[in-house]
2 protein chains.
Amino acid sequence: MGTKDRKEREKEELRELILRAAKDIFFEKGYAQTSIRNIADRIEYSPGTIYLHYKDKDSIFHALQQEGFKLLRQQFGVLQVVADPFERLKAMGRLYLKFAMENPEYYDLMFVIRAPMNVLEEEACWDEGQTAFNVLVNVVQECVQQGHFKGHDAEEMAYVIWSTMHGMATLSIRGRCRVISDEKRETIEILGYETFVQMLNCI
Amino acid sequence: MGTKDRKEREKEELRELILRAAKDIFFEKGYAQTSIRNIADRIEYSPGTIYLHYKDKDSIFHALQQEGFKLLRQQFGVLQVVADPFERLKAMGRLYLKFAMENPEYYDLMFVIRAPMNVLEEEACWDEGQTAFNVLVNVVQECVQQGHFKGHDAEEMAYVIWSTMHGMATLSIRGRCRVISDEKRETIEILGYETFVQMLNCI
DNA sequence: AAACTTAATGAACAGTGTTCAGTAAATCAA
DNA sequence: TTGATTTACTGAACACTGTTCATTAAGTTT
């Protein structure tokens, strides 16, 4: 009989319900306001129930982090059609920045906030991040094979590129871009990105 | 009579005592563990007393943030002896990274954590950050006058440079550098910095 | 000595993450 | 169908958190 199956399905549904509520509150009111009690209230369960489906608060945010990586992967997927590796690399940078600006909460969870990283054991750590970085390294490697970045190691180049994109993203997300003059502030990420691409072009 | 003077001195001393305790706990056990009660316990005062000297928890961290900027300013001070602006710019980058790696807690407070920024009113916001960025823009401007970064706006260049350094710093501080291969991880910031300087050189 | 000022307290409030004994419903075995 | 067992869920309790405020005690002034 399918009782067990139904039970497992219901269990999975509640797990998903918790995650949706957590995401909604997190996106609406921020990390601090996303408490176990607030999540429980919203789905009309008691706080204790949350712990039947998630080890602790951190692991809820870890699940949301993975959701963020899934979304980023999906968006990166369309870049497969770009044949030229350097063009693909540039499109990746643009898309990465776009993702960060449009999904600052996800970005924060994926690349800034410490909480979802506490969940990771010493062994299997941050697989999603590793995979994403590998994709970047591979593209850079292809660029190298086509004659770009002469005399530079692919992983090193990938790291510098990632750092610059990540720096722009986090300065913006964490409110440190007030230092930019008014007329440029709105578009500084795009301007900065273009400048950086020019630097990549001439190396 | 100097009673009033003494009183004010004592008041200032307690303010300083609170800040020292807050800094120690923050550096030892991190942001989450730095509670008002823990601070009060350490200096053997009641929690209420803290609020006679600081508006709230955020403003304690704001005071620590300013301390961080003071330290960074001091370290940057020695670079005044470097006459050539491009050499000074490169030294600034090195020093900025060194500061971030040696004082990750201060760096976090200055450039990542949101809390000390909540204190800022809409008007006078993040003066220390603004001043620091201006210093960078000025050095870049000098470089431009010497023929560097042809056709590029100084503020834009400064932003890209800052983003890259900030990106490297935060990836490291927030534990996102596990993706780098073992043999490079230890020195990736230096390797990355050198690669970036080469990019600056050929633009 | 009395009046006033100031500094410090610590209990109280409303919140937090997390645990766990207890309950009630659903399922299984006889 | 009844009794035993498993399962899902509850909500009170614990030890915390930031913050406020009436009360107390000490110091200063008149």
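By what turn and what shift along the axis can chain A be laid on chain B? The turn is 180° and the shift along the axis is 0.0 Å, and the RMSD is 0.1 Å. That is the relation of a two-fold axis. For this comparison the copies are superposed by least squares on the C-alpha atoms of residues with pLDDT of at least 70 in both.

Some ground rules come next. This is a predicted model, in which local features need pLDDT of at least 70 and side-chain atom pairs count only at pLDDT 80 or more, while totals for chains, interfaces and linings use all residues. Residues are numbered from 1 along each chain as its sequence is written, chains are lettered from A and ligands numbered from 1 in the order in which they are written, and side-chain values use heavy atoms, with hydrogens and water left out.

Start with a single chain. Chain A has 11 helices and zero strands. Helices here are DSSP runs of H or I with at least four residues, strands are runs of E with at least two, and both are numbered from the N terminus. The C-alpha trace of chain A spans about 60 × 45 × 30 Å along its principal axes.

Next comes the place where the two protein chains meet. Counting heavy atoms within 4.5 Å as contact, 51 residues of chain A are in contact with 51 residues of chain B. The same surface serves both copies, since 100% of the contact residues of chain A recur in chain B. The two chains bury about 4,500 Å² between them, and 62% of this area is on carbon and sulfur atoms. Buried area is the accessible area (1.4 Å probe) that two parts lose on being put together, summed over both. In chain A, the residues that lose the most area to chain B are Tyr159(A), Arg176(A) and Val179(A), together 18% of what that side buries.

Polar links also cross this interface. There are 27 residue pairs in polar contact between chain A and chain B, with both residues at pLDDT 80 or more. A polar contact is a pair of N or O atoms within 3.5 Å; within protein, one must be able to donate a hydrogen and the other to accept it, and residues adjacent in sequence count only if both atoms are side-chain atoms. On the side of chain A that touches chain B, the elements that give two or more residues are helix H6 (104-111), helix H8 (127-145), helix H9 (154-173) and helix H11 (188-202) of chain A. H9(A) supplies the largest share, 14 residues. By class, this side has 27 nonpolar, 14 polar and 10 charged residues. In this grouping Ala, Val, Leu, Ile, Met, Phe, Trp, Tyr, Cys and Pro count as nonpolar, Asp, Glu, Lys and Arg as charged, and the others, Gly among them, as polar.

The count of salt bridges between chain A and chain B is six. A salt bridge is a side-chain nitrogen of Lys or Arg within 4 Å of a carboxyl oxygen of Asp or Glu. Lys184(B) forms a salt bridge with Glu155(A), and the closest N and O atoms are 2.5 Å apart. Over all chains, the count comes to 26 salt bridges. Within chain B, Arg20(B) and Glu67(B) meet in a salt bridge, 2.9 Å from N to O. This pair links distant parts of the chain: Arg20(B) is in helix H1 and Glu67(B) in helix H4 (residues 57-77), 47 residues apart.

A residue is near a strand if one of its heavy atoms lies within 4 Å of it. Around DNA strand C there are 21 residues, of which Arg6(A), Ser35(A), Arg37(A), Tyr51(A) and Thr49(B) come nearest. Sugar and phosphate account for 60% of the atoms of DNA strand C that come within 4 Å of the protein. One phosphate contact involves the side chain of Ser35(A), with an N or O atom 2.7 Å from a phosphate oxygen. In the surface near DNA strand C, H3(B) gives the largest share, four residues.

DNA strand D is also surrounded by 21 residues, and the closest are Ser46(A), Thr49(A), Ser35(B), Arg37(B) and Tyr51(B). A polar backbone atom of Ser46(A) is 2.8 Å from a phosphate oxygen of DNA strand D, and a polar side-chain atom of Thr49(A) lies 2.4 Å from a phosphate oxygen of DNA strand D. H3(A) gives the most to this surface, with four residues.
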